[in-house]
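Please keep the model open while going through the points.

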Amino acid sequence: MSKYRLVFVLFAVACLLAGAVAGISTAQGHSKASDNEQALWNLEHEYWRHVQDNDLSAYLTLWHKDFLGWPSVSTAPVRKDHITDWITSQTSKGLHFNAGEFKPAAIHVTGDIAVAYYWMTYSWQDKDGKGDSRTIRVTHTWLKEGNAWRIIGGMSMQEAAPRQP
């Protein structure tokens with residue numbers, strides 16, 4: 001084999017190996033992102049289970065100590081020390097939270113930060129199971145500290161009623 005042909009073959013083999021390593025690395029990166037995305041969707045579902053079970057101590061574990069957000073029921077942004085107010089304001093009236101449809105819109109994970117967008121339909125029901133259903137749009141920004149994801153920011157808003165023809 002000529003010297004030039006040997007150099008060409010070695011160069012081709014090196015390129016193929018680099019491509020294979022890059023492909024494996026990319027696949028692992030996508031797998032990691034998918035794992036994080038699934039973990040975050042699970043946490044969002046857990047969030048609503050805690051509300052439905054009125055388990056405020058478990059609910060509070062989902063929030064970062066430096067949280068700042070603007071729930072649809074608040075006239076101004078709130079910090080973690082007021083994040084359960086929207087729940088207790090209803091349970092103190094004897095109402096029970098009923099989680100309805102959870103509809104994911106999008107999620108994006110970049111390193112230790114993630115943003116999740118979705119719709120949630122729910123109702124606050126009286127002892128007879130009566131209560132109006134409403135849908136909100138939710139945005140949660142999650143921060144990963146160690147192995148734990150915590151909500152560091154968020155906002156929700158009432159979904160507009162469907163237009164009547």
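1. **A neighbouring charged pair.** K127 and D128 form a salt bridge, with the closest N and O atoms 3.9 Å apart. A salt bridge here is a side-chain nitrogen of Lys or Arg within 4 Å of a carboxyl oxygen of Asp or Glu. K127 and D128 are both exposed. Exposed means over 50% relative accessible area, buried under 20%, and partly exposed in between, with a 1.4 Å probe and protein chains only.

2. **What kind of model this is.** The model is predicted: local features need pLDDT of at least 70, side-chain atom pairs count only at pLDDT 80 or more, and totals for chains, interfaces and linings use all residues. Residues are numbered from 1 along each chain as its sequence is written, and side-chain values use heavy atoms, leaving out hydrogens and water.

3. **The other salt bridges.** How many salt bridges does the count come to? The count is three. One of them joins the side chains of D66 and K65, at 3.0 Å from N to O. D66 is partly exposed, at 44% relative accessible area. K65 is exposed, at 64%. E159 and R137 also meet through their side chains in a salt bridge, at 2.4 Å from N to O. This pair links distant parts of the chain: E159 lies in the segment after β6 and R137 in strand β5, 22 residues apart. E159 is partly exposed because its relative accessibility is 26%. R137 is partly exposed too, with a relative accessible area of 39%. Side chains of opposite charge can pair when their charged atoms come close.

4. **Overall layout.** The chain has three helices and six strands. These are DSSP runs, numbered from the N terminus: helices are H or I with at least four residues, strands are E with at least two. From the N terminus, the order is α-α-β-β-α-β-β-β-β. Of the 165 residues, 28% count as buried. Among contacts with a separation of 6 or more, 51% come from residues 24 or more positions apart. Contact means heavy atoms within 4.5 Å.

5. **The sheet.** In what order do the six strands lie? They form an open sheet, β2-β1-β6-β5-β4-β3, with mixed pairing. Two strands pair if DSSP finds at least two bridges between them. The edge strands are β2 (78-79) and β3, each pairing on one side only.

6. **Pairings of β6.** Strand β1 (residues 63-70) pairs with β6 (residues 148-158) in the parallel sense, over four bridges. Here G69 stands opposite G154. L68 has G153 as its bridge partner. Strand β5 (residues 133-145) runs antiparallel to β6, and ten bridges join the two. W142 stands opposite I151 in β6. The hairpin of β5 and β6 has two residues between the strands, and G146 takes a positive phi near 65 degrees there.

7. **The core.** The largest nonpolar core has 29 residues, and Y47, W48 and W86 have the most contacts inside it. Two or more residues come from each of α1, β1, α3 (85-91), β3 (96-110), β4 (113-125), β5 and β6. Such a core is a set of buried Ala, Val, Leu, Ile, Met, Phe, Trp, Tyr and Cys residues joined through side-chain atoms within 4.5 Å. Beyond residues up to four places away in sequence, Y47 touches Y59, L62, W63, W86, H140 and I151.

8. E44 sits in helix α1. The E44 side chain does make a polar contact of 2.9 Å with that of H140. A polar contact is a pair of N or O atoms within 3.5 Å; within protein, one must be able to donate a hydrogen and the other to accept it, and residues adjacent in sequence count only if both atoms are side-chain atoms. Leaving aside neighbours within four places in sequence, E44 is in contact with F102, A116, Y118, H140 and W142.

9. E37 belongs to helix α1 (residues 3-52). E37 counts as partly exposed, at 26% relative accessibility. Not counting residues up to four places away, E37 touches I107 and V109. The C-alpha atoms of E37 and I107 are separated by 6.9 Å, although the two are 70 residues apart along the chain.
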